[in-house]
Amino acid sequence: MTLKQNHSMLPVFSLLVAATMWGVVWYPLRLLEEQGLHGLWASLIGYGVALLMGLIWLARSKAKWPGHPLAFSLMVLAVGWCNVAFVLAVLEGTVVRVMLLFYLSPLWALILGWLLLNEKPTRLSWLIFVVGLVGALIMLWDENIGFPWPRDRADWLAVSSGLAFSFSNVMMRYVGDVDIVYKANASWLGVVVIAALWILFAGIEWPSVSTATLSGAVLLGVFGFFVMSLVVIYGVTHMPVHRSAVILLFELVIGAVSSMLLTDEVILIREWVGGFLILFSSTLAAREHLDEGQAV
């Protein structure tokens, strides 16, 4: 019984780690941009390093080749767009607004999981979803920022990133029998492809930056993108997409707190209330998953 409980909680813990890391990754990305490294180049270098590490891992593994080529290919492109669009969005827009628009993803996850995976949400799942979304709206609402609907390029990037994230999670669930080594390499490959194509067609030249800046991008790839991808993939593979999406709302809390500490943004009372609702919904989602694990 104890072993089963620990195994059931591991996906929850993985998603909370991922949410925490994604909630602060905007800061090193902005530091790199301040040193002259465009977000697309930072993505290409960081995820390129993660891909090289992943290919070494893949070469040493005995994992079987994925048996769902179409779904797997769609997952590669979706993950690639999700990550590149998110990086550009947090560099161009307001951190909290970008995360709010990105985390319309639980709605997409609920719908896509229902339509494509036949994961019919329970009443409790709907309640968890509503509480988490209401918490996000309360926490990040600002009359100066406006209604959470796209109004500029950063907004559209954030919304499209959230949609791509939900779709990629659905595809990960669909190809659930595929070893994590393939899923991870697919995610890194997707970012490298999308970032490289964007750089090529946009004509963004190689920047003249210091060795320290390039080293920072490499380190971000090793200790940031590589680890974040693994924990996200593990979590969403072992949980229904509507539930994993709600737990990942914890990123909103981390993002808001980190922006308060690292920028001049101030957390208001309503934002603390919203953050509490998000944490509460995440706890309910984790509890629901643990109860199902104990019932197996």
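Are Trp 22 and Phe 86 buried or exposed? I began with this question in the predicted model. I found that Trp 22 is buried and that Phe 86 is buried as well.

**Entry on aromatic pairs.** I recalled that two aromatic rings are described by the distance of their centres and the angle of their planes. I looked up the count of such pairs and noted eight. One of them joins Trp 22 and Phe 86 in an edge-to-face arrangement, with 5.4 Å from centre to centre and 90 degrees between the planes. I then located the two partners: Trp 22 belongs to helix α1 (residues 2-24), while Phe 86 belongs to helix α4 (residues 69-92). They are 64 residues apart, and the pair thus links distant parts of the chain.

**Entry on a stacked pair.** I next examined Trp 81 and Trp 198, which are stacked at 5.4 Å centre to centre with 10 degrees between the planes. Trp 81 lies in helix α4 and Trp 198 in helix α9 (residues 180-202), so this pair ties together parts that are 117 residues apart in sequence. For Trp 81 I noted a relative accessible area of 31%; Trp 81 is therefore partly exposed, since that class lies between 20% and 50%.

Key
Residues numbered from 1 in each chain as written. Predicted model: local features only at pLDDT ≥ 70, side-chain atom pairs only at ≥ 80, totals over all residues. Heavy atoms only, no water. Phe/Tyr/Trp six-rings, centres within 6.5 Å; stacked < 30°, edge-to-face > 60°. Helix = DSSP H or I, 4+ residues; strand = E, 2+ residues; numbered from the N terminus. Buried < 20%, exposed > 50% of the residue type's maximum accessible area, 1.4 Å probe, protein only.
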